[in-house]
There are 4 protein chains.
Amino acid sequence: MKKVPVGILGATGMVGQRFIQLLDDHPWFEVAAVAASDRSAGRRYSDACRWLLPGAVPSKVAGLPVRPLDPALDCELVFSALPSDVAGPVEESFADAGYAVCSNAASHRLDPDVPLLIPEVNWQHTALIGVQRRRRKGFIATGPNCSTAALTLALRPLHDAFGVRRVFVVTMQALSGAGYPGTASLDILGNVIPHIGGEEAKVEQEPLKLLGTLTGDGVAGASIILSAQCNRVPVRDGHTECVSIELETKTEQRDVVAALQNYEAPPGVIDLPSTPRRPVVVRTEPDRPQPARDRDAGCGMSVSVGRVRPCPLLDHKFVLLGHNTVRGAAGGSIHNAELLVKQRWLG
Amino acid sequence: MKKVPVGILGATGMVGQRFIQLLDDHPWFEVAAVAASDRSAGRRYSDACRWLLPGAVPSKVAGLPVRPLDPALDCELVFSALPSDVAGPVEESFADAGYAVCSNAASHRLDPDVPLLIPEVNWQHTALIGVQRRRRKGFIATGPNCSTAALTLALRPLHDAFGVRRVFVVTMQALSGAGYPGTASLDILGNVIPHIGGEEAKVEQEPLKLLGTLTGDGVAGASIILSAQCNRVPVRDGHTECVSIELETKTEQRDVVAALQNYEAPPGVIDLPSTPRRPVVVRTEPDRPQPARDRDAGCGMSVSVGRVRPCPLLDHKFVLLGHNTVRGAAGGSIHNAELLVKQRWLG
Amino acid sequence: MKKVPVGILGATGMVGQRFIQLLDDHPWFEVAAVAASDRSAGRRYSDACRWLLPGAVPSKVAGLPVRPLDPALDCELVFSALPSDVAGPVEESFADAGYAVCSNAASHRLDPDVPLLIPEVNWQHTALIGVQRRRRKGFIATGPNCSTAALTLALRPLHDAFGVRRVFVVTMQALSGAGYPGTASLDILGNVIPHIGGEEAKVEQEPLKLLGTLTGDGVAGASIILSAQCNRVPVRDGHTECVSIELETKTEQRDVVAALQNYEAPPGVIDLPSTPRRPVVVRTEPDRPQPARDRDAGCGMSVSVGRVRPCPLLDHKFVLLGHNTVRGAAGGSIHNAELLVKQRWLG
Amino acid sequence: MKKVPVGILGATGMVGQRFIQLLDDHPWFEVAAVAASDRSAGRRYSDACRWLLPGAVPSKVAGLPVRPLDPALDCELVFSALPSDVAGPVEESFADAGYAVCSNAASHRLDPDVPLLIPEVNWQHTALIGVQRRRRKGFIATGPNCSTAALTLALRPLHDAFGVRRVFVVTMQALSGAGYPGTASLDILGNVIPHIGGEEAKVEQEPLKLLGTLTGDGVAGASIILSAQCNRVPVRDGHTECVSIELETKTEQRDVVAALQNYEAPPGVIDLPSTPRRPVVVRTEPDRPQPARDRDAGCGMSVSVGRVRPCPLLDHKFVLLGHNTVRGAAGGSIHNAELLVKQRWLG
């Protein structure tokens, strides 16, 4: 199979770099163009970018010229790693010009005809693309917020089996989620910051769309109430979340564990390159999952769940962990693009 | 006033050191004896102890000989900084021998005739000492777990004003709470450990006794349901807690804030040396309290509360922070001893 | 004594904040004016400044209006906490207008008629002020770079007693030295950055002027060769330095230790408010000094030295530690201003 | 080729785990036996071991029974990851019984007939095995201390080309070098410990044997003088070293860089499985190498060197970085074993 040439919008930032790293040797995609703000445009990628990931800039990308954020890239599919304040209009201009835009930004997640996607969770929602194309040549497809991605992946099998009614979640989020330079070291070394701008609203809203039901022209949100408290902690990668849930069907703890453990990606998703063997890995040690030890489960695409136990207030509580820049950002968008290719929304 | 000579049981450990630091220049107490396990006994304190706090060992204590943990110390009041696996029988032997034991350990906190005290919260519970003395010459008085101390101080004014029904709490706890050597650096650098042995049960039970009502011979626990999830984070001192509460009387957010802000120590407590001017400090910045910036509020005896806001599931949510080895351990026990002196339970 | 009103240039930055904290309740000085870049000018100090130190903005300063960096402040003495790229011309404009400028910036440290001062080390160098005043109404007096300050304080007694010929120094510097926001957390969490722009040159040059000899119109640099390697480490405050020295007079280790231990501030310096009882504290434990434990020695004005031992290449090696934002920045400049008042250079 | 069955002594510790991780899928070796102290003996490896590396215990090893440290393992080659206080006699008992022992411990490094090996540096020194076998059936071959390994790899090409005379080195060492539990988090979070027991002597002595010359029955040490200062810093893996060197032949900086860059493993070493393509990677950025970014160069077997520049005291200074538990411990011993197999010392 000839690889699909792709472009990266916002290629020089933290998430952009993760896209480039994850797309190196991707079986279906090949980075053909990198674009960034005017400040970087015109320079070689490896000169314009302060590479923050271990190792060197992948050689195929190092020499690419950084292009401006105009819909004139030589590819059909673009990944958007743009910061939210810029992403809105730029993504629209690309979609209007006929590009398929797989976005990691928040700007269009809740637009009624834009799918908000996690392949294992709601692969059917790509149907919104058909709706969206009534008004533009190309389309935008989005992935959720990093904390939402991990949380919703664990909620999906529980919602299917028992119905999720209410969810408490307190996050302890990694520094890479704040981009670069992001959080100042003097603010976070030996400290916790109990606030991440806009994050709690995203975690309380996005799962409803992800777990919602396709109607004719949109998605009817799931009837779940969530309450989120979000914190930044001195961890490099990996968001840890303490979750408590109430279920519609009262259920034994072992059935909750079984539902999580037996969760499999549906047909049409299971053989995508980025789909992990297990979307949810259940750990049985008393003190896991931990970001430093478990974030790379399933190459960063699996969510780890541990400490499933009764909750005195709701029904069950547990701890979950997801890799915020893989499953929760670049890896998730690439996964979405794989789904789009597989379902033949491109071309 | 002549200072009351006091002894420290478990003087060489992390909490024992904090006792010695906080008692240096205390207006009412003077360290007259230090005791520790057999391994240390017989040596000078400054030789037996690996001092972990900034600065040097207070000079008055440095030269004291470390005594064994036998009830033969030349003082009437002892502070127990013993680890819980040792504290139980040692504290009993001292209390049986006539000592007043102010303990920081968990062993006797839930004994029916042993008061579990936070002076601002339940100073009347010292009445249990009279009950306890029916069976022994001296007595044990205890302070709560470090996470409980901070949480309950914030719940007290809310419970008084509006009735607290249900509480969710997720803690992010500092390393000093695990003692020394405690948590291995390889386990916690750039990591979160979502488990602290026994901690969640303590946080779910102890507030009920603290907020409970004196009956003839004991305390009837408060009718509150708590659910706790406890985590260790790479912070030196200061426990951060994300709290969500349901109240009996539905209340505006500004009234919750007012109740916290206007909370004052009751008469008989307000003029104790360790009582802070404000038991609860309400912060209005969007990203506070933070352990590195707020743990020393009120010399470590105030609890800081911030981000009071509506909770989609219960009624209100907020973040609180307390100094775990001051208010939550040594400082709390000293505060309790001050209350006992003031109420004339000694001598 | 009526307090001397002082102004702070660059009052909103990291070092500016340290000035304000250290001047709160200073016996001789009183902050009368705060000035900063145009962006902040006009606002109340507590609004313009993101306060980074523990506790709150000192109340006397919180309400002061932030003034622009023009020489029109109502005081005679100003402290400059300006970043080096701005400090040069601003400090000159103040000095030309008649102000006494005590600067922490690098811009004028090596100007021939500007004293570079550490009171205990070279109090006589204030004589350069007389030279400088031939060309301007007021004057600039500077303090050294933070790593230099600690190093030179330890070299002074050794140079006096034995003659220092050659010095190797490798620094491990704290984050606060980089200002705010300074080092990005993603760059330094669990990492070392083996480079601090311009730092090595400063550490290799400034001690020569500090330890140099007054000539008619200037200072003849000391004949010492230094080689410095400077690193950033994930420590909040306190610079650690591994030092190896060659002496002119071959000397026993105990004499080196004695020279450090017996080092006393000279008359005219010893009774300044900020002079610590001991400029150098010698520690004898095998693993000290450490930044987290020793940075506050002498209220941050003492340098701690430990591990004095033979060097197979030069003569002796040791580890030293100084508080970079106290002795190495704001505290050092205040100390210098005290010296100037004492020597009657003001007014 | 049939894989060589190997045993791991001290398999449950930090270094033992790294051996097991690195030997998973090794092309030449296969873990056939794991042995540890009596406390662990008899249990399944995955039960006896608190696995500290990311991911799970390799499945081939998880089920192996932990054997006692007796020379009765079913293999010919054993790797010793024993702590130094135990390693001495245990390694001797294995070597006496006929095993080839590849040790990472310090106990026998300086024994005259025991080779101290880094394959790229002194592959000829395996000749000592012939000498050693005069007195025992099997033999011990050792690898150097972790800081020494990285340092000596960079010194080898410089010594060959220009003659190294004097070396200053200050290390900033990672936590994994202290084993598990090792350094307490309260000792190192936001701190530096300027002392590592015994380390400085090792760094000052071991390079002399490694760079020494084979004589009839031993090795004549190289005539170099080293001075080392060793520090522990809050970094997980990767030792950073600031080095300054004096050369016999005065040399341009570009020639130093060229010698490092062009350094190649010799024939007989270059095709060993663990030999990296480049033993030394020269970086040209102003702020590299850094442990978090460069420790995995060459799969942890390359040493990264950066900031080559003139030294005002000696000739040149630079920063180097090596992975302490890969090149500096388990990886180095495996590399040594590969050399022994290649040179047919086994069987």
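**Stop 1: two helices in chain C**

Select residues 146-162 of chain C, helix α7, together with residues 199-210 of chain C, helix α9. In this predicted model, the two helices pack with their axes 9 Å apart and at an angle of about 40°. Angles under 35 degrees would count as roughly parallel and 65 to 115 as roughly perpendicular, so α7(C) and α9(C) are oblique to each other. Their crossing is right-handed.

Now show the side chains where the helices meet. On the α7(C) side, pick C:Cys146, C:Ser147, C:Thr148, C:Leu151, C:Thr152 and C:Arg156. Facing them in α9(C) are C:Glu199, C:Lys202, C:Val203, C:Glu206, C:Pro207 and C:Leu210. Coloured by class, this contact shows 5 nonpolar, 3 polar and 4 charged residues.

**Stop 2: the largest nonpolar core**

Stay in chain C and select C:Ile8, C:Phe29, C:Val34, C:Tyr45, C:Leu77 and C:Phe79. They belong to the largest nonpolar core, which has 44 residues, and they touch the most other members. In soluble globular proteins, nonpolar side chains tend to be buried together.

Centre the view on C:Leu77. Which residues is C:Leu77 in contact with, leaving aside its neighbours within four places in sequence? They are C:Pro5, C:Val6, C:Gly7, C:Phe29, C:Ala100, C:Cys102, C:Ala337 and C:Leu346.

**Stop 3: a serine in a strand of chain A**

Next, select A:Ser304, in strand β13 (residues 303-310) of chain A. Is A:Ser304 buried or exposed? Its relative accessibility is 1%, so A:Ser304 counts as buried. Setting aside neighbours within four places in sequence, A:Ser304 is in contact with A:Val281, A:Pro289, A:Asp294, A:Ala297, A:Val319, A:Leu320 and A:Leu321.

**Stop 4: an asparagine in a helix of chain A**

Finish at A:Asn336, in helix α12 (residues 326-342) of chain A. A:Asn336 has a relative accessible area of 2% and is therefore buried. With neighbours within four places in sequence again left out, the contacts of A:Asn336 are A:Cys102, A:Leu117, A:Ile118, A:Pro119, A:Thr142 and A:Gly143.

Last, draw a distance between the C-alpha atoms of A:Asn336 and A:Glu120. The two residues are 216 residues apart along the chain, and these atoms are separated by 9.8 Å.

Definitions and conventions. Residues numbered from 1 in each chain as written. Chains lettered and ligands numbered in written order. Predicted model: local features only at pLDDT ≥ 70, side-chain atom pairs only at ≥ 80, totals over all residues. Heavy atoms only, no water. Axes fitted to C-alpha atoms, helices over the stretch in contact; angles between N-to-C directions. Helix = DSSP H or I, 4+ residues; strand = E, 2+ residues; numbered from the N terminus. Parallel < 35°, antiparallel > 145°, perpendicular 65-115°, else oblique. Left-handed = near helix turned anticlockwise from the far one by under 90°. Contact = heavy atoms within 4.5 Å. Nonpolar A, V, L, I, M, F, W, Y, C, P; charged D, E, K, R; others polar. Core = buried A, V, L, I, M, F, W, Y, C linked by side-chain atoms within 4.5 Å. Buried < 20%, exposed > 50% of the residue type's maximum accessible area, 1.4 Å probe, protein only.
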